[in-house]
Amino acid sequence: MTDPARHQSEDPVTRRVREAFAELEPSVELDEIVERAAPYLRRMTRPAGRDQQAASRARAGEQRRGRLTAVRPAPAPNLGGEVDPAAGQPGAAPAAATARRIPRAVTVGGVKLSAADLAAARRRDPEAVARIYQAYAPGLLRFFVAAVGDRRAAEDLTATVFAAAVEDLPGFRGEVTKLGGWLFRIARHDLYDYRRRIVRARAEHPDDVLGEAALAEDGPDPQDLAERLEGSRMMAALEQLSTDQREVLLLRLAAGLTVGEVAATLGKTTGAVKALQHRGLARLARKLEPPIDREPQRDRPGRSERPDASSR
Amino acid sequence: MGLSAKVDGCHVVAMPDGSRRGPRGCSAPEEFAAFFKQHRGVVFRTILAKTMDAAAAEDATAEAFVCAYAHWDDTVAAHPHPEAWVLKVAWNQHLSWWRAWGSRRAAEAPAPRWPAAQVPVDPQVLGAIRNLPRGQRDAFVLAALGELPPAQIAAVLGKAPGTVRAQLHRARARLRLVLGERISPEGRDD
């Protein structure tokens, strides 16, 4: 495909297009590819049943490949929801049991939630529901503010999520640790419903946007306005990401979910979430840094857009 | 979840005897690294020209090479045209991604998003590619940026080679008209 004969015979149009696109390289690195393939291949080598022999055979195969075990991803840094190991098995040796233990409690936003709280909340015990609200409401609110850019709408949406959650909690069968992912899954669906409503409203009454109308009711809240202005540059930068990248960043940074929770919310592997976060942040950083000495695009396409392309 | 689960764009199939059939990984990391280095730019530029969305093109490129790594031993290493294989995966990645999130994207972005300013390419070239009919654009993008011969383009798009050749011919004729006056006899004007 790179043989010189074909390049000689290629027509000027093709050459022109190739030149226009030359030098554009993706910021995708080999490490990322290998790291993301690893958990996927582990899934393959893991035995279908609980056959110990097959398990050790699979592990041996993995080690033979060497590279795979070497790049096993490091444990994810906890941003918000922190698993509380002490509440799990009180007497267990921490190092040996970490892999197997199912944590019975999580600490989110400074509030400790135990399995008992979850059970009580399922019975609609007001105190337990309040604890869950305390734990997750700030994160949900940040998520919605970042996604919608309108504090009032974000508060409404947060309330809607909890209304739906309290309604559906008896049907939620997961552990406490899965509660965050479950709540944010509801949040995400509500967000799309909301956006669809906005789009429809905009299509029907082009001049009167729902959010704008709500704001105009009693004048703009100055604090709200400041937040919106400050956020607008970030929002513009977020707009430039792919949908997946944007969602991962919102859930990770605005809502403060762990990698595992984001993966559960979006139905992706943790490797995919980490890769999307990495690329999203890199892109965001490029978009947000001030545009210093932009060269004319005609001369060197791609260079002004990706100043770090050569160093990577 | 039924018999087959989709992980990172690849299928893992559970067989009746309890075993699983699917990717066997990569036992030649150096070969893969060389393959990756040589083709990642081509894949990225091709998908970029198709989508005009750098972020989506990067994602599709990454997904395709993850798939290539996972399937290196069982498929890609022995494939007669590995570069066409990875391009096809990236191309379809993008399509399935588009299909899966179509409704959601429609809700998110009411106006069709063509952030041309985001793609640092001569706007005249971008506009010319964008204005081609889809069939011609797909074939031309795979030929010019994917650097594939017509037979491989046909395999990627699932079309007959003759169709692809005709579309390529029309695409080039059209582009020559649009970009014509800026192409000097030698092909470059710098």
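Trainee: Which residues does Trp85(B) touch, leaving out those up to four places away in sequence?
Mentor: Val76(B) and His79(B). Contact means C-beta atoms, placed from the backbone, within 7 Å. Bear in mind that this is a predicted model: local features need pLDDT of at least 70, side-chain atom pairs count only at pLDDT 80 or more, and totals for chains, interfaces and linings use all residues. Residues are numbered from 1 along each chain as its sequence is written, while chains are lettered from A and ligands numbered from 1 in the order in which they are written.

Trainee: Where does Trp85(B) sit?
Mentor: In helix α4 of chain B, residues 82-100. Helices here are DSSP runs of H or I, at least four residues, and strands are runs of E, at least two, numbered from the N terminus.

Trainee: Is Trp85(B) buried or exposed, and why?
Mentor: Buried, because 20 other C-beta atoms lie within 10 Å. The cut-offs: buried is 20 or more other C-beta atoms within 10 Å of the residue's own, exposed is 12 or fewer, partly exposed is in between, with C-beta atoms placed from the backbone.

Trainee: Switching to backbone angles. What is the phi of Glu147(B)?
Mentor: Positive, about 55°, although Glu147(B) is not a glycine. Glu147(B) is in the loop between α7 (134-144) and α8 (150-157) of chain B. It counts as buried, because it has 23 C-beta neighbours inside 10 Å.

Trainee: And Arg124(A), what phi there?
Mentor: Also positive, about 65°, and not a glycine. Its loop runs between α7 (115-122) and α8 (126-148) of chain A. Arg124(A) counts as exposed, because it has 12 C-beta neighbours inside 10 Å.

Note on methods:
Contact = placed C-beta atoms within 7 Å.
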